[in-house]
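Let's take a walk through this protein together, one stop at a time. Keep the structure open beside the text and follow along.

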Amino acid sequence: MPSPGLLVLFGSQTGTAQDVAERLGRDARRRRLDCRVQALDSYSVVNLINEPLVVFVCATAGQGEPPDNMKNFWRFIFRKNLPSTSLCQMDFAVLGLGDSSYAKFNFVAKKLYRRLLQLGGSALLPLCLGDDQHELGPDAAVDPWLHDLWEKVLWLYPVPPDLGVIPTGVPLPSTFTLHFLLEAPRTCSEEQHGASTDPQGPPSERQPFLAPMVTNQRVTGPSHFQDVRLIEFDITGSRLSFAAGDVVLIQPENRASDLWRFCQALGLDPDQYFTLQPREPGVPCPAQLPQPCSVRHLVAHYLDIARVPRRSFFELLACLSPHELEREKLLQLSSPQGQEELYSYCNRPRRTILEVLCDFPHTAGAIPADYLLDLIPLIRPRAFSIASSLLAHPLRLQILVAVVQYQTRLKEPRRGLCSSWLASLDPGQGPVYVPLWVRPGGLTFPETPDTPVIMVGPGTGVAPFRAAIQERVARDQTGNFLFFGCRWRDQDFYWEAEWLQLERKGYLMLFTAFSREQERKIYVQHRLRELGPLVWDLLDRQGAYFYLAGLQRTLRFQRDRRFPVILCHICVSCHKVHGLGSGWRSARTRAPGGGGPPPAQALPASILENLSNKLWALRGCF
């Protein structure tokens, strides 16, 4: 039978599902199958009825929500008017990626699998549920599932005998070719490419707004262990619109020192220019890259050399290595049997792509430039809760940024790419522009003026609540109850003067917990217990909304119609937000290097379980 062509569609929030989808595409090409790999929302879903063979790779975001790049597909596929025979021509498989510490583990993949069956699709094999909590990560489930998948596919569509399977040690052709120019172009607008100080429409990922940074102020005391910044941007003329609870996405760049080390390791001239061309028709060039482009711009703004590499990185690097000993080691790290060793070498100490390349110098020096975009993923934008309201500051956007830095067994401290880059910018030394855009967040606040709002925001988690309080005060809304916790009143009490002034004016009731100022540590949950009768009265009699927020991202959990509760939890050690589902207490948190600070204090299990089941039980808990 002729090959039908395989379609791999992915929904990815952090890049893991995309990485697995691209791995599927490479495996298909090795088996001589035509294969397209696309994000779900970039695919015209009405054509799905004509697809004979489709693999869906889906992550689950938040509390069972689809990733951002599959939300349009999600709405379409669950239309009630779709006939039950819509996909009767299609063979499909679904691979889910999730975290079993969440209550709705792999919810998106499970629900999609059932829906595809309802629409008449034929499942090639059972659903795969990759689990990030497994000691070997999601590959523990993905590897055997992929083995079974290819057995099924090749039984239906055998490899032509005159061609055969391309061995794993042979590199596939690169997606793009880089054509280096003999001299630099006379005119170049790299810094303005894809971003604008005068956008034609609302800023987006494809065209961010270059926002002038107005202030970059440290708001923690000089002796405090963490550097936290209040950063303000001028958004005049940006056409940005946002409300309390929304997030701003910022596109960071690599450090200049890392750029030079990378170019030195690979023998690249940062000042050389090139044009990019796809090898196959129909493959678009990355919209983030100008044409022509310098190596400096490619490395600084596009290649994520500061991230921890995935297994696929080692697979391709092994194919490209001309050095026998280095190649042998890379093959071991990329093999199913070597995943524990890979975790110890790479994931546990948070070793970066740049550091791995420096550890394999003969291989790094031999990497063809054409493979750079296949080998190294693009820099993803980082999301921060907006900490200001347009009603209070019409031409400004503020964020509260905790600069991520921690130590592992490696000599060099681990640093957050975006937070460290933002902290290094000094508008006092000259104009500073940061590419950014806005998207809706997971927190929504009641519009009715007499509805009370209870907000629990320890540390930097208070940022979205500042925006909400500013917005509600501008509308003359009272009934704002804020529980704020930090270590020391004089070191990390963010916006103390602002809160106290609002309290004096009657717009806010503030309850604080300074955990280190007495022998017995006091956290926000202790204040909630102390004020249990007030909290219960607000929830039960006055219909208050209850919010618990963490760092950078907010997730929504809504259980009872009478008492809307919005919850999330930040784990400081891995800088990930964890949902407060039934398995949250037993979740194995992978702290960088096996060490680092302990997880952030959350509400005690009794309160959380009652909140997540029925809020009626809160009365007994208090």
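Let's start at S515, which sits in the loop between β20 (508-514) and α17 (524-530). Keep in mind that what you're looking at is a predicted model. Is S515 buried or exposed? It's buried, because its relative accessible area is 3%, and anything under 20% counts as buried. Setting aside residues up to four places away in sequence, S515 touches C486, R487, R520, K521, I522 and Y523.

Now slide along to R516, which belongs to the loop between β20 and α17. The side chains of S515 and R516 are joined by a polar contact of 2.8 Å. R516 has a relative accessibility of 25%, so it counts as partly exposed. Which residues does R516 meet once its neighbours within four places in sequence are left aside? They are R487, W488, K521 and Y523.

So what does the record say about this spot? UniProt, in an unreviewed entry, puts a "binding site" feature at T460, S515, R516, K521, I522, Y523, V524 and Q525. Look back at the contacts with that list in mind: K521 and Y523 are among the residues that S515 touches, and R516 is in contact with K521 and Y523 as well.

Next, step back into strand β20 itself, where you'll find T512. T512 counts as buried because its relative accessible area is 19%, and the cut-off is under 20%. Leaving out neighbours within four places in sequence, T512 is in contact with F484, R489, F493 and R527.

H224 is found in the loop between β8 (209-218) and β9 (228-234), and R487 is one of its contacts beyond four places in sequence, along with R218, Q491 and D492. H224 is buried, since its relative accessible area is 9%.

On to another annotated spot. An unreviewed UniProt entry also gives the annotation "binding site" to R350, R382, A383, F384, S385, G416, L417, C418, S419 and W616. Pick out F384, which lies in strand β13 (residues 382-385). With a relative accessibility of 3%, F384 counts as buried.

Now for a pair of helices. Helix α7 (residues 311-320) packs against helix α8 (residues 324-334) at an angle of about 150 degrees, and their axes are 8 Å apart. That angle makes α7 roughly antiparallel to α8, because angles over 145 degrees count that way. The crossing of the two helices is left-handed. Where do they meet? On the α7 side, look for R311, F314, E315, L317, A318 and C319; on the α8 side, R327, L330, L331, L333 and S334.

Why is α7 described as largely enclosed by the rest of the structure? Because nine of its 10 residues are buried. The buried ones are R311, S312, F313, F314, L316, L317, A318, C319 and L320.

Finally, zoom out to the whole chain. Its secondary structure comes to 20 helices and 24 strands. Of the 622 residues, 54% count as buried. And if you take the contacts with a separation of 6 or more, residues 24 or more positions apart account for 74% of them.

Note on methods: Residues numbered from 1 in each chain as written. Predicted model: local features only at pLDDT ≥ 70, side-chain atom pairs only at ≥ 80, totals over all residues. Heavy atoms only, no water. UniProt positions renumbered as here; feature names shortened; annotations may be inferred. Helix = DSSP H or I, 4+ residues; strand = E, 2+ residues; numbered from the N terminus. Buried < 20%, exposed > 50% of the residue type's maximum accessible area, 1.4 Å probe, protein only. Contact = heavy atoms within 4.5 Å. Polar contact = N/O pair within 3.5 Å; in protein donor to acceptor, adjacent residues only side chain to side chain. Axes fitted to C-alpha atoms, helices over the stretch in contact; angles between N-to-C directions. Parallel < 35°, antiparallel > 145°, perpendicular 65-115°, else oblique. Left-handed = near helix turned anticlockwise from the far one by under 90°.
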